[in-house]
Amino acid sequence: MTKLVMVFVMLSFVFTSCSDDEEPQLPTPTISIEGGNSIEVRRGQTINVTLNLNTDGNNRELVVYRDGGVLEVVPLQATATTFTYSNQSIPNTATEGEEFEFEFAVFNTQGTGSERVGLTVVTLAYNTITVGGETLFEVDIPSDGIFEEDVRFVSGRNYYVGATMSFSAGTTLTVQEGVNVYIASPNGTLTDIVINDGASAEIIGTAQNPVVFTSANTLTDTEDSGDWGVFNIRGSGGTSDSGTYQFIRFEYGNARNFRLQNVGSGTTIDHIQVFRAAGEGIMPTDGTVNMSYLVTTDCEGGGFRIGDAYAGNMQFGIAMISRTWGDNSEIDIRETSSPVLANFTVIGPGSDASNTSGIRLRANSSGKVYNSIIADFPRRGLRLNDNVNITDLEGETVFAYSFIFNVPTDPYRDDTSNGNPFRGFVDGDGVFQNPFFNNVTGLEGGQPILTSIAGIGTNSFIPTSAQTSQFNPSSISGFSSAAFVGAVQNSSNDWTSGWVKNPDGSIR
């Protein structure tokens, strides 16, 4: 027994001695990025990022990952606690806001690696400029103003445009939600933004964060209508697609500020406001693009000018002025255009204001208007001119299921000698007939007797309660269900809230 005990003691000593000779296990390394996990870098410039290393003085290497794989392995000084990584650059071809993802891990001398940390590098395409105390990114514009590559404006940044931007076929302008684009017109030359035929734009805001194209003079409180030119979309008609335009406000531009030329029905346009244009606010000519949720406010040449052979659908529209700039019509349908409008509210500056009018149908046009309101104009709520041809509800020109009120002179004006059939008539039996189902209850002294809608008036387009209609535009292909009169059903369904400007400049 004594000999066995001695053997065990000796073996124990041997094993203990071997264990004491083994290298101790190092703690798992850690790594972090100084300043956070996202940086902005100008395109063409080097990425510089400082990494904090913790390996207890036993650094071996830094491993850099891209797209899930190893990009490179960088040897490290053993005792370094920080390392500045600067081996990569942003490509000169990177677009504004383009993101590049990296991951880093540090390994110690025992080959144990840290958890990876991620770094997002966001491209800066433009230098900054300060206007009125606001820091903006100044867009680099080619000498001829023509862009042959895509342009992107990203959320969280605002931009300065100092010359016309014209996009050639195959290019795309992308503007993310919440972006403000400040436009200047130096030397008296108005700056335009032009989406040419074959080009497109993806400008998509939200009710909470609309995209705004406005005057750079707003930053110095010197803004005025006509400070910049037009936003012009040029399409190729038919079903062509010029992009998506949603929740956009255009402010202080020139006449025909939102200009659509032969834009096709493949294009998406909704939730657009034109505020304080120097002339007409929205002007489509030719094309078949459909539009909805449109607002023009205090445009000096009238809200909508619809001309040439435009033949699209327009639903939920507001044209409103708070004062008179000239003897204009807020909606002017002309030439050979044949638009179909439903659920529009057209509000004037009051019955005591200087001459201005609501909707005018003229030339050889054949427009159709349903479930709409014209109110608070001094004269000529609905005006007919030239060769407008009216027969019945199925005819080529229609104004039906609609309201005109608070227009003391010529609410239904006819310059065609046809008597404006939209106001109804007294038949041979002395019975009043209202074949277009408008808000005329009879004639008194040759003048129509009109009913009104509470809550509708100057600077107010929301009724106290919904005014239902016998007609639902959804019976016409391409229109939404809306069996009510006017653009906004009631205060609970106010689609202008959060992004539309009132005449006084406040946001609704």
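User: In this predicted model, is Thr 30 buried, partly exposed or exposed?

Analyst: Thr 30 belongs to strand 1, which covers residues 30–33. Its relative accessible area is 41%, and because buried means under 20% and exposed means over 50%, a value in between has its own class. Thr 30 is therefore partly exposed.

User: Which residues does Thr 30 touch, leaving out those up to four places away in sequence?

Analyst: Thr 30 lies 25 residues from Thr 55 in sequence, with their C-alpha atoms 6.8 Å apart in space. When residues up to four places away in sequence are not counted, the residues in contact with Thr 30 are Asn 52, Leu 53, Asn 54, Val 106 and Ser 114.

User: How far apart in space are Ile 204 and Tyr 65, C-alpha to C-alpha?

Analyst: Ile 204 is placed in strand 18, residues 200–204, and with a relative accessibility of 36% Ile 204 counts as partly exposed. Beyond four places in sequence, Ile 204 touches Val 175, Gln 176, Glu 177, Val 211, Thr 244 and Gln 246. Tyr 65 is 139 residues away from Ile 204 in sequence, and the C-alpha to C-alpha distance between the two is 33 Å.

User: Is Ser 357 buried or exposed?

Analyst: Ser 357 is found in strand 30, residues 357–361, and its contacts beyond four places in sequence are with Asn 328, Ser 329, Glu 330, Phe 377, Arg 379 and Arg 380. The relative accessibility of Ser 357 is 1%, and the cut-off for the buried class is under 20%, so Ser 357 counts as buried.

User: Why is the pair formed by the rings of Phe 137 and Tyr 159 called tilted?

Analyst: The count of aromatic pairs comes to 23. For Phe 137 and Tyr 159 the ring centres are 6.0 Å apart and the planes stand at 40 degrees; planes under 30 degrees apart would count as stacked and those over 60 as edge-to-face.

User: Which strands does the pair of Phe 137 and Tyr 159 link?

Analyst: Both Phe 137 and Tyr 159 are buried. The two residues are 22 residues apart, and their pair links distant parts of the chain. Phe 137 is in strand 10, residues 134–138, and Tyr 159 is in strand 13, residues 159–161.

User: Which charged residue lies over the face of Phe 275?

Analyst: Two cases of a charge placed over a ring can be described here. The charged end of Arg 66 sits over the ring of Phe 102, 5.0 Å from the centre of that ring. Over the face of Phe 275, at 5.2 Å from the ring centre, lies Lys 501.

How values were computed. Residues are numbered from 1 along each chain as its sequence is written. This is a predicted model: local features need pLDDT of at least 70, side-chain atom pairs count only at pLDDT 80 or more; totals for chains, interfaces and linings use all residues. Side-chain values use heavy atoms; hydrogens and water are left out. Rings of Phe, Tyr and Trp (its six-membered ring) pair if their centres lie within 6.5 Å; planes under 30 degrees apart count as stacked, over 60 as edge-to-face and the rest as tilted. Helices (H or I, at least four residues) and strands (E, at least two) are DSSP runs, numbered from the N terminus. Buried means under 20% relative accessible area, exposed over 50%, partly exposed in between (1.4 Å probe, protein chains only). A charge sits over a ring if NZ of Lys or CZ of Arg is within 6 Å of the ring centre and within 35 degrees of the ring normal. Contact means heavy atoms within 4.5 Å.
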